[in-house]
Amino acid sequence: MKGLNPLLPVFLLIMLTTLTTISGKEPIRLTVDHDQRKQGEFFTVTLTGSFSEPTLYFIGHSYRMFRQTETSWRALVPVENLTPPSSYTLLVCTESREQQIPVTVIANNRAIQQITLDSTTANIKATEIEKSRITAALHTESKKKLFSGLFLRPVHGETSSLFGLKRSYNSGPVTSYHHGLDIAAPQGTPVQSTAKGIVILIGTLEDGFQVNGNTVIIDHGQGLTSVYLHLSNITVHEGQLVEAGEVIGNVGHTGISTAPHLHWGIYLYGTSVDPELFEGQTI
């Protein structure tokens, strides 16, 4: 047609593509990395094709999904260590639809660990400030993903206690489990951050951290935090950005501790998961 703008067909094609995407006709795809996980592990759930933030539900809890690209979202969904082995469902809701994926949780068959405490140590209880500050820090869900590359082992030394071991104190009943990985190392051994992040909690004996001792918690973004306990001293401050491998303190024997070691924990949305799943891995 005479006088037709030659750019009009291209413009109409762009508009049609945009309207198709906005109207929700772009395929929405939900995937999970594994269909079964052990207690203390996690599912990597990805949703693509949605501009709006979805919500994920798993075993009665809702989990925020974090944007990776313009239309893709991801959540690292923890399987709490005492979750009964069974079949479950991952449910993801967007503005326009719901999608479900069946998954299975299996037992990790961790043993019972007998721990002997002397009368002084056995009577130490976590203070309210210790419990409240740690709980708040572990539930940090900042949007920006700071971690990248391989997660590092924070201290050189042998593993002295695995994650997930059921615990009996002084031959009593099993009332808890080990929420992290213990690494035996000499007093004063440097401790490094497992990944890039922001220091969000510094707790000391003087602050009332009687059980965990001198404590550092780092936010790595998107619901992932790391914990370092029983330190002899701390070399970072709250609000500080630290790189993977940067020294944050030194191995100690503070709080409830039977020998110098580092307790290293990884938490997703405030739930502890096995740190060995991260060591040397890109998540």
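Ser272 is buried, with a relative accessible area of 2%; buried here means under 20%, exposed over 50% and partly exposed in between (1.4 Å probe, protein chains only). A word on the source: this is a predicted model, where local features need pLDDT of at least 70, side-chain atom pairs count only at pLDDT 80 or more, and totals for chains, interfaces and linings use all residues. Residues are numbered from 1 along each chain as its sequence is written, and side-chain values use heavy atoms, leaving out hydrogens and water.

Ser272 sits in strand 23 (residues 271-273). Strands (E, at least two residues) and helices (H or I, at least four) are DSSP runs, numbered from the N terminus.

| Side chain | Partner side chain | Distance |
|---|---|---|
| Ser272 | Tyr177 | 3.2 Å |
| Ser272 | His179 | 3.0 Å |

Beyond four places in sequence, Ser272 also has contacts (heavy atoms within 4.5 Å) that include Phe163, Ile266 and Tyr267.

Thr204 is in the loop between strand 16 (197-203) and strand 17 (214-221). Its relative accessibility is 18%, so Thr204 counts as buried. Neighbours within four places aside, Thr204 touches Phe209, Asn214 and Ile234.

Now for helix 3 (residues 128-138): Glu130, Ile134, Ala137 and Leu138 are buried there. They share one side of helix 3 because they cover an arc of only 95 degrees around the axis, taken from the directions from the axis to the C-beta atoms. Glu128 and Ala136, on the other side, are exposed. The cover over the buried residues of helix 3 includes strand 16, strand 17, strand 18 (224-231) and strand 22 (261-268).

Methods
Polar contact = N/O pair within 3.5 Å; in protein donor to acceptor, adjacent residues only side chain to side chain.
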